[in-house]
Each structure stands twice: as C-alpha cells, then as structure tokens.
Amino acid sequence: MLESARAGLSFQKASALVTRTTGVRYASQYVYELYMAQLSQVQQEKFASASGVYHYDEQFLLVNGKEACRLTVKDAVTGKIIVDVQAENAQKETIRKVLNTALEGLLVEAFIVDMNPHYPELFKELFPEAKIQWCIFHLYKLIWKELHDEFGKNVPLVQLYNGYTLFNIFFNHSVELEKLNELMKRFENLKTKDWKSNDDVEKALRKEFADFVKAFKKERRRENQNVPRRTLNESQEKFAEIFKIIGLFPKKLQNRIRSIQKNWDRFTLFQRDSRVPPTNNGLEHYFAATLAKTEKKNFRSAATVVRELNAFRAEWNGHRLFKPVTGGLAGLLKLAGILFLAFQFG
C-alpha cells in the first residue's frame, strides 16, 4: 500500500492492486476510522520558549465551498511551527487574537512578513519593541508585476536590465546583469530600420536570456548554492547609485525605488541581525509541504481543517502521530495514517 501511494495511485486502485496480489482487502472507511480515532488526540502544543524571531503568513482555504484563512507562525531559528490554525478571516482583530494567544509568554523580537502595508502598524500595536523584515522575494514579485503591468508579457531587454538592477540591491545578481548588458549591445549592433525585424531579434535575445537564467539556477541547485546576499554596506552603495539615476527607470519602478528608500529598515533587518532571514520562504516551504496543491486546499468541514492542521504541525515539529510498532491492528493503525495523508480521502 505504501509503495502504491508513493507511485501516485489512488486509494481505490492501490487497494485493488493489494487485493489481487495478496488477497487482503482494506476498506477505505475502516482505514479512515482508524486514522480519525488516532488524530483526534493530536492537539496544538504550547511552547515554553522560542527564539523571538518569527515568520508569519496566511494561506486561504476552502471549507465546504466557503473561504477560510489559515494563520501560521514559524520560529525562524528553530524551524518549529508555533501555531497553525484556521480562522474566518485575516482581519486585524483576528490576527491580533491569534498572535496574542500563540506568543503569550514568549520572547518577541522580530517578524518576517510579506509587504502588506497594514502589518507594521498591527505588529507595532501588539509588540512595540518588535522589528519587521519585509520579504525580499515578495518585493521581487512586485517588481516583476510592475514591469509586466507597464510593458506586457514581453518586457524589453533594457527594462529587464532595470528590473535586475533593483534585484541586485540585496542579492548579488551581477552575473545576470552582465549577460543582459552583453545582449543589449548585440541588439544595438543587429538593429535595422525594420521594426518587425528588430522585434524578432529582441524576442530571440530575450529567449536566450531566459534560457541562461534557467541554466544558471540549475547549476546553483546542483552545487547547493544560493544567490549570494549583499552586506548592508554593499546594499547602501548599490541603492545610492540607483537613486542618482532614478529618472531613467519607468514610472512604476521609480515609485518602487522611493518605497524601498522609505522602508529601508524593513528591507535590511536581515543584514543587521544574522538570525533574521531575508525572505518568508521558510514558511512557504512549510505550506508547500502540507497544502501545496490547489485541490488539497479544499475541505469538507472546519473540523477536518483543525484535524489536518494539527497533524501537519505535529509531524513538522517532530512528533510521532503513530506509534513505531508493527503487526496486527497497531501496525495497521500506523499504516492508516500514512495512507490517509498520502491518498487524501476527505
């Protein structure tokens, strides 16, 4: 049954395969009931201590066709999930209640969050001494969106260069900038008075750049390398150079540059505190490990959400949901939980 789950078979097909090969039939309802009985005992644990540096984010789910919100706090240093609960919404009062309860009695020094403009005020009210790190990855997504909003799907090479110049503030993207500089020079040499021909040339050069970036990312993954972070001094120097020529950027990116200047401390906390990561990817990884696929965000009831989130959180934090025993009913109980998580009965 486990091998069938890993191979991607549905529960029905896996059960039929096991029955044909072994003569043993597992009824999905029986497995489901065993699983439910065990997981009903899993509760959200209360932490006595934490690092004080936390990821916070929300994920939206569907419960019986209605939208609900998942509010999650992860310790950025230990990796433990402090709280992972369902709420009716992500309004300020709801977030305030969840965070007050989850972090009561714990050290609170910093939060890594996306760039929701309401967060700084909210967290200031709740934890006056806490600092904010805005997610750099979220900043990059906004820059990409602004480029596409202004130039459409096919962003010109020069505007790609402008975008990567902003990416280069906090992380080292000099390799991509060098490649873009080379492509822009080639474009200038190949340009003619025929605008249609020029479009075709630039399209080919954009494709070359996309392939280059893809290959470069694969190479970094093979070498287990991340994009190098810049130091605070390097970022300050890069940003100062950009601000001197702000008029050369398209209007939306000019506004983005001014926003970076206004919120500089919220983008650079990771460079001043080594415990603070520059992005909220640590929490995104947890979301992906639990409810990565869209269809897995659909639940039949609020009770199902509570049960599943408790299970996800407990497993992530290293707790055994099923005792390490084999054989008989106890062995099937352990198997039931694994299979349920794999096959997602409901």
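**Strands β4 and β5**

In this predicted model, strand β4 (residues 110-113) and strand β5 (residues 131-134) pair in the parallel sense over 4 bridges, where pairing requires that DSSP finds at least two bridges between the strands. Strands are DSSP runs of E with at least two residues, and helices are runs of H or I with at least four, both numbered from the N terminus. Within this pair, A110 stands opposite K131 in β5. The chain passes from β4 through α5 to β5 in a right-handed β-α-β crossover, that is, one whose path from the first strand over the helix to the second runs clockwise when the strands point away from the viewer.

**Helices α4 and α5**

Helix α5 (residues 119-126) also packs with helix α4 (residues 92-102), their axes coming within 11 Å and crossing at roughly 40 degrees; axes are lines fitted to C-alpha atoms, for helices over the stretch in contact, and angles between N-to-C directions run from 0 to 180 degrees. That angle makes α4 oblique to α5, since angles under 35 degrees count as roughly parallel, over 145 as roughly antiparallel, 65 to 115 as roughly perpendicular and the rest as oblique.

On the α4 side, K92, I95, R96, L99 and N100 meet Y119, E121, L122, F123, E125 and L126 of α5, contact meaning heavy atoms within 4.5 Å. By class, this contact of α4 with α5 has 6 nonpolar, 1 polar and 4 charged residues.

**Helices α14 and α15**

Helix α14 (residues 281-291) and helix α15 (residues 302-316) pack at about 120 degrees with their axes 11 Å apart, and are therefore oblique to each other. Their contact is formed by H285, Y286, A289, T290 and L291 of α14 together with L309, F312, R313 and W316 of α15, which divide into 6 nonpolar, 2 polar and 1 charged.

**Helices α7 and α9**

Helix α7 (residues 157-167) packs against helix α9 (residues 195-222) at an angle of about 30 degrees, with the axes 10 Å apart, which makes α7 roughly parallel to α9. Here L157, L160 and Y164 in α7 meet E202, L205, R206, F209 and V213 in α9.

**Basis of the values**

Residues are numbered from 1 along each chain as its sequence is written, and side-chain values use heavy atoms, leaving out hydrogens and water. Because the model is predicted, local features need pLDDT of at least 70 and side-chain atom pairs count only at pLDDT 80 or more, whereas totals for chains, interfaces and linings use all residues.

Key
Ala, Val, Leu, Ile, Met, Phe, Trp, Tyr, Cys and Pro count as nonpolar, Asp, Glu, Lys and Arg as charged, and the others, Gly among them, as polar.
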